[in-house]
Amino acid sequence: MPNKLDYYEVLGVSRQASAEEIKRAYRNLARKHHPDVNKDSNAEEQFKEINEAYEILSDPQKRAVYDQYGHEGPRPGGADFGFGDIFDLFFGAGGRDAGRGRPTVQRGSDLRLDLEITLEESATGVDKTIKVSRLEHCAACGGSGGKTADSMQRCAQCRGTGQVRQTQNTILGSFSTVATCPVCRGEGFVIKDPCTTCNGQGRQRQTHERNLVVPPGVETGARIRLTGEGDVGPRGGPAGDLYIVLTVRPHDIFQREGTELYCELPIGFVQAALGATVDAPTLEGTEKLTIPEGTQTGTVFRLRGKGMPDLDARGRGDIHIAARVVTPTRLNDHQRDLLRQFAESGGEKNVQHQEKGLFDRVKEAFKGLTE
């Protein structure tokens with residue numbers, strides 16, 4: 001082939017150049033001589049020569065044949081590098097289908113469902129039946145959106161690539177950009193005869209029930225992720241995920257801090273004074289609790305292992321019970337006489353001494369805050 005330049009000379013590299021050196025040289029020359037950038041009259045011809053040389057020298061087998069036979073050996077396969085291919089070579093494919101520039105399959109949206117459970121259910125774990133409303137593939141068209149297999153046609157605007165090139169002339173020259181095709185919205189095809197069931201969307205909203213296992217120990221704000229239970233993607237795309245966000249309903253008796261439970265237990269002043277055995281609340285019912293003689297309001301008792309389970313299955317916390325001594329508000333004459341006898345016998349001296357000690361502690365506490 002007369003007057004045909006040597007491929008190594010076209011790329012400006014030596015015959016001993018490595019594959020990386022050849023690729024680097026091609027990148028630099030492609031940027032410089034691409035017709036969208038270089039407006040010289042011979043830029044297109046030079047660009048074709050560069051592509052042809054790179055096609056041969058970037059392939060180890062073709063390069064070996066060329067090194068032995070020259071231009072009489074292999075013939076290039078008509079490489080056609082467009083602007084999109086140059087972009088991919090410089091910056092990577094970036095989520096485009098190989099060689100066509102079509103967008104990748106789109107994943108469906110994630111969904112959220114709020115679920116309220118009781119403290120007892122959180123303590124033991126519970127199975128719940130939940131209703132999920134999500135987009136699913138249309139059963140009539142299989143998710144394609146077309147009424148028949150022939151309904152989907154290649155987009156004439158972008159010729160199936162899903163993208164269109166736009167050229168803008170400025171004082172600095174012409175610049176080309178690639179944008180999503182406005183006709184097919186980047187899908188590369190249009191539907192001439194849409195499915196009547198889903199109106200060409202390929203998806204329909206459906207509601208279905210499923211079983212959910214809530215593990216023991218969950219707290220408000222905990223999330224359970226169900227992979228692939230969200231909306232399906234358009235045109236056969238994979239489904240997103242479903243997130244169940246839990247709320248533990250406030251309890252009538254207990255307050256919770258992690259695995260620990262706290263409550264207050266009213267006891268009579270006679271029980272507090274003489275001691276007694278009372279029923280203390282737990283999540284499973286009641287349990288006998290011994291109140292020692294002379295118990296004061298605020299005295300805390302602990303039921304070990306009766307609190308909330310650890311989410312990592314490392315045992316259970318405790319229940320902390322604060323005693324609250326209840327003073328009777330309605331006394332008959334006989335009860336009043338008995339209390340007066342108790343007071344006159346010196347029964348309240350101890351109380352006054354204790355109260356003085358309490359006030360002294362309160363004063364000390366406030367003094368420490370003001371100093």
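Leaving aside neighbours within four places in sequence, Leu212 is in contact (heavy atoms within 4.5 Å) with Leu115, Val126, Asp127, Lys128, Ile130, Ile224, Leu226 and Ile244. A second, separate core of 18 residues includes Leu11, Phe47, Tyr54 and Leu57, while the largest nonpolar core has 35 residues, and those with the most contacts inside it are Leu212, Val214, Ile244, Leu289 and Ile321. A nonpolar core is here a set of buried Ala, Val, Leu, Ile, Met, Phe, Trp, Tyr and Cys residues joined through side-chain atoms within 4.5 Å; buried means under 20% relative accessible area, exposed over 50%, and partly exposed in between, with a 1.4 Å probe and protein chains only.

This is a predicted model, in which local features need pLDDT of at least 70 and side-chain atom pairs count only at pLDDT 80 or more, whereas totals for chains, interfaces and linings use all residues. Residues are numbered from 1 along each chain as its sequence is written, and side-chain values use heavy atoms, with hydrogens and water left out.

Side chains of opposite charge can pair when their charged atoms come close. With a salt bridge taken as a side-chain nitrogen of Lys or Arg within 4 Å of a carboxyl oxygen of Asp or Glu, the count comes to 21. Three of these pairs are set out below.

| Salt bridge | N to O distance |
|---|---|
| Asp6 and Arg15 | 2.7 Å |
| Arg225 and Asp241 | 2.7 Å |
| Asp310 and Arg314 | 3.5 Å |

Salt bridges that share partners join Arg107, Asp110, Arg225 and Asp241 into one network.

The last topic is a helix pair, with helices taken as DSSP runs (H or I, at least four residues) numbered from the N terminus. The axes of helix α2 (residues 19–33) and helix α3 (residues 43–57) come within 10 Å and cross at roughly 165 degrees, where axes are lines fitted to C-alpha atoms over the stretch in contact and angles run from 0 to 180 degrees between N-to-C directions. Because angles over 145 degrees count as roughly antiparallel, α2 and α3 are roughly antiparallel to each other. In this pair, Ile22, Lys23, Tyr26, Leu29, Ala30 and His33 of α2 meet Ala43, Gln46, Phe47, Ile50, Asn51, Tyr54 and Leu57 of α3.

Note on methods. Helices (H or I, at least four residues) and strands (E, at least two) are DSSP runs, numbered from the N terminus. Angles under 35 degrees count as roughly parallel, over 145 as roughly antiparallel, 65 to 115 as roughly perpendicular and the rest as oblique.
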